[in-house]
Amino acid sequence: MKKVLHIGIDDTDSLKGSCTTHLATVIINEIANQVDFLDFPNLIRLNPNIPYKTRGNGAVAIRVDGEEKDLENARELVIRKVKEMAKLDDENTNPGIAFLSDEITSAVKEFSKRALWDIISIPEAEKFNSFANIDLVKFGNGRGIIGALGSIGNPLNDDFTYEHLTYRSPEKYGTKRLIDRDSIIAADKATPLTFSNVDYDYNSIMITPRGADPVFTGIRGETAEEVMKAWCIIKPLEEITMRMIFRTNQHTNQHFVKEFKINELKPHLSIITQGKVSKNPYYIEGSHLIFPIKDNTGEIDCAAYEPTKKFRGELNNLIIGDEVTVFGGVRPPAEKHPLTINIERLRVDILEKTFSYENPFCDECSARLKSAGKNKGYKCHKCSAVYRNKKPIEKLVPRKLALQEYLPPIIAHRHLTRPRSREKRDNSNKQKSKEDVNKILNLLFSSSK
Ligand SMILES: [Zn+2]
């Protein structure tokens with residue numbers, strides 16, 4: 001009788017050139033002839049604001065079924081590959097693997113949901129597992145078990161996207177990625193269900209990462225077919241060793257779960273908070289924009305940093321009294337700044353009215369009056385009439401902001417940021433049948449296009 005196995009893997013990457021998706025792709029290729037896949041591998045991005053992660057905080061869940069003996073072989077292969085390929089000599093690389101052969105309980109789902117926005121310690125994850133009783137394998141300090149549990153517990157039942165990843169030949173790691181730029185533009189134009197391939201405002205290609213990792217390209221989109229179609233149009237100018245399609249919570253805003261009062265904000269949380277702008281925005285050294293917001297519990301600085309480009313200029317139009325909802329990460333205080341919200345997106349809820357004042361007109365000759373001096377009323381320069389009690393004319397000044405959400409340009413988006421192009425999605429993406437998944441995965445194994 002066939003059994004199900006969920007395999008969660010996290011924290012195998014390091015800045016020195018490894019990547020959890022790459023390792024997962026190697027594993028998937030190797031176990032493909034022993035098991036069937038229940039889904040595309042899931043790439044689950046967790047709280048992007050936790051401190052230990054220099055990169056995207058992404059974990060992978062592989063969901064398979066097969067005969068018990070084959071699943072046992074798969075389990076051993078996963079452990080062996082993590083040992084072989086993870087940068088275990090790097091003290092910041094502490095892999096964890098989770099194997100779950102039962103149903104994903106609501107407790108595991110809850111744990112997973114919390115890992116999207118909160119900070120979970122290793123002892124907490126271990127305590128959780130003393131009840132959940134999931135088969136965990138740890139390396140180093142074992143921090144990876146948090147993401148491993150977090151990934152298996154997130155079956156992506158709500159909004160999700162796809163990413164088609166390709167990988168480079170190892171001798172190319174750390175070198176410039178060679179790719180035909182025009183073909184990327186052509187692919188972008190031909191596939192409306194892909195997104196964020198290019199930031200045209202900043203003339204920037206977004207599908208090629210910059211780091212020393214094995215990823216050559218990542219194409220994001222709404223369907224598996226569409227990301228494959230885009231890749232078919234793109235012309236790589238170097239060898240591609242493997243490719244894989246991940247189903248993922250990237251670009252869904254899934255980490256914005258919980259609303260906080262200002263006095264509840266703690267470093268490294270991903271948060272939603274509402275407040276009133278309590279001081280007009282101002283720029284600080286480095287061209288970062290800062291403004292504080294206030295609610296009935298406290299006040300906190302919000303920051304739009306230099307890399308968010310024109311986002312800063314938009315938010316600079318906020319004024320005291322505007323009511324906003326801020327979505328972002330909490331940055332711990334340091335010598336040069338207090339506890340601060342790093343703004344990832346901002347919704348304007350209520351705009352304060354602002355007025356300009358002009359001198360009134362003369363009742364006798366209709367000329368514009370002049371001030372007669374401080375608190376002395378107005379006088380007419382044409383007919384010399386004097387008005388003690390006239391009031392200035394009040395005019396409503398149009399605001400440059402609207403009641404809507406503002407977010408940084410694509411070049412400054414993080415993995416979980418939902419781009420504007422996805423805002424109108426109705427979340428009607430349907431998961432593919434097991435048969436379709438295995439058909440597509442077989443195609444990915446057999447050809448690089
Ligand atoms: Zn007059």
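Figure 1. Along the chain, the donors of the zinc ion follow the spacing C-x2-C-x14-C-x2-C. Cys365 lies in the loop between β20 (355-358) and β21 (370-371), and Cys383 in the loop between β22 (378-379) and β23 (386-387), so this pair ties together parts that are 18 residues apart in sequence. The model is predicted: local features need pLDDT of at least 70 and side-chain atom pairs count only at pLDDT 80 or more, whereas totals for chains, interfaces and linings use all residues. Residues are numbered from 1 along each chain as its sequence is written, and side-chain values use heavy atoms, with hydrogens and water left out. The protein donors are the SG atoms of Cys362, Cys365, Cys380 and Cys383, at 2.3 to 2.4 Å from the zinc ion. Donors are N, O and S atoms within 2.8 Å of the metal (3.2 Å for Na, K and Ca); water is not among the atoms, so sites may look incomplete. The four donor atoms subtend angles of 97 to 119°, which makes the arrangement tetrahedral (all angles between 85 and 135 degrees). Cys365, at 28% relative accessibility, counts as partly exposed, and Cys383, at 35%, also counts as partly exposed. Buried means under 20% relative accessible area, exposed over 50%, and partly exposed in between (1.4 Å probe, protein chains only).

Figure 2. Ser270 lies in strand β14 (residues 270-277); helices (H or I, at least four residues) and strands (E, at least two) are DSSP runs, numbered from the N terminus. At 0% relative accessibility, Ser270 counts as buried. Its side chain makes polar contacts with the side chains of Asn47 (2.7 Å) and Asn49 (2.8 Å). A polar contact is a pair of N or O atoms within 3.5 Å; within protein, one must be able to donate a hydrogen and the other to accept it, and residues adjacent in sequence count only if both atoms are side-chain atoms. Leaving aside residues up to four places away in sequence, Ser270 touches Asn47, Pro48, Asn49, Leu116, Trp117, His255, Phe260 and Gly328 (contact: heavy atoms within 4.5 Å).

**Figure 3. Helix α7 and its cover.** The buried residues of α7 (residues 224-233) are Ala224, Glu226, Val227, Met228, Ala230 and Trp231. What covers these buried residues includes β7 (161-168), α6 (181-190), β8 (194-195), β11 (215-221), β12 (240-248) and α9 (434-446).

Notes:
Four donors count as tetrahedral if all angles lie between 85 and 135 degrees; four count as square planar and six as octahedral if opposite donors are over 155 degrees apart and all others between 65 and 115; anything else is irregular.
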